[in-house]
Each structure stands twice: as C-alpha cells, then as structure tokens.
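Here is a quick tour of the fold you are about to see. Have a look at the model first, then read on.

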Amino acid sequence: MEKITLKVKGMSCGHCVNSIEGSVGKLAGVKSVKVHLNEGNVDVEFNPSEVSLSKIKETIDDQGYDVE
C-alpha cells in the first residue's frame, strides 16, 4: 500500500468532502480516503498495482476540484 497527501483546491463544504471521499473511495485498489477540508488536503491510501495516482487525481478533477 502507498499513502499520499494531495493538495486540492475548491473544497469548501460537506458536499465537497462526500463527493471526493465517495468517488475516490469507489475506485478499485483504494483502501482509504480522508478529506481534510480546513487544510485543503486529501489523504489517500491505495495499492499502486491496482490503481494509478493519475487515475485518483483524474477522479478528483472529474468532481470539479483542482489537484495540485
């Protein structure tokens, strides 16, 4: 398993948290995802042999947020 913290812009409310945690959490190979709204960070623990970091970033981007 690999753990990464992504800086994400545009998150401001509970809906943002649910949107990101729900969509990323459904990806195969993602063990956990936790949004830290106040810091603008998203912690993701995933299996890189099952899901790529670029796929995780793309999924967040598809929800309307900017991943740095």
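Contact here means heavy atoms within 4.5 Å. This is a predicted model, in which local features need pLDDT of at least 70, side-chain atom pairs count only at pLDDT 80 or more, and totals for chains, interfaces and linings use all residues. Residues are numbered from 1 along each chain as its sequence is written, and side-chain values use heavy atoms, with hydrogens and water left out.

Let's start with the sheet. Helices (H or I, at least four residues) and strands (E, at least two) are DSSP runs, numbered from the N terminus. The model has an open sheet of 4 strands in the order β2-β3-β1-β4, with antiparallel pairing. β2 and β4 (66–67) stand at the edges with a single partner strand each, so one side of each has no neighbour in the sheet. Two strands count as paired if DSSP finds at least two bridges between them. The pairs look like this:

| Strand pair | Sense | Bridges |
|---|---|---|
| β1 and β3 | antiparallel | 6 bridges |
| β2 and β3 | antiparallel | 6 bridges |
| β1 and β4 | antiparallel | 2 bridges |

For some landmarks, K3 has E45 in β3 as its bridge partner, V35 has V42 in β3, and V8 stands opposite V67 in β4. The hairpin of β2 and β3 has 4 residues between the strands, and G40 takes a positive phi near 75° there.

How much of β3 is buried? The term means under 20% relative accessible area, while exposed means over 50% and partly exposed is in between (1.4 Å probe, protein chains only). For β3 the count is 5 of the 6 residues, so the strand is largely enclosed by the rest of the structure.

Now the helices. α1 covers residues 14–25, and its 12 residues should span 16 Å at 1.5 Å a residue; the end C-alpha atoms are 16 Å apart, which agrees. (The expected span is 1.5 Å times one less than the number of residues.) Buried in α1 are C16, V17, S19, I20, S23 and V24. These residues cover an arc of only 165° around the axis, which puts them on the same side of α1; the arc is that of the directions from the helix axis to the C-beta atoms. H15 and N18 are exposed, on the face turned away from that buried side. What covers the buried residues includes β1 (2–9), β2 (30–36), β3 (41–46) and α2 (53–62).

How do the helices lie on the sheet? α1 lies across β1, β2 and β3, at about 165° to β2, and α2 lies across β1, β2, β3 and β4, at about 30° to β1. Axes are lines fitted to C-alpha atoms, for helices over the stretch in contact, and angles run from 0 to 180 degrees between N-to-C directions.

Finally, take T59, in helix α2. T59 is buried, with a relative accessible area of 9%. Which residues does T59 contact, leaving aside its neighbours within four places in sequence? They are S23, V24 and L27. T59 and L27 are 32 residues apart in sequence, yet 8.8 Å apart in space, C-alpha to C-alpha.
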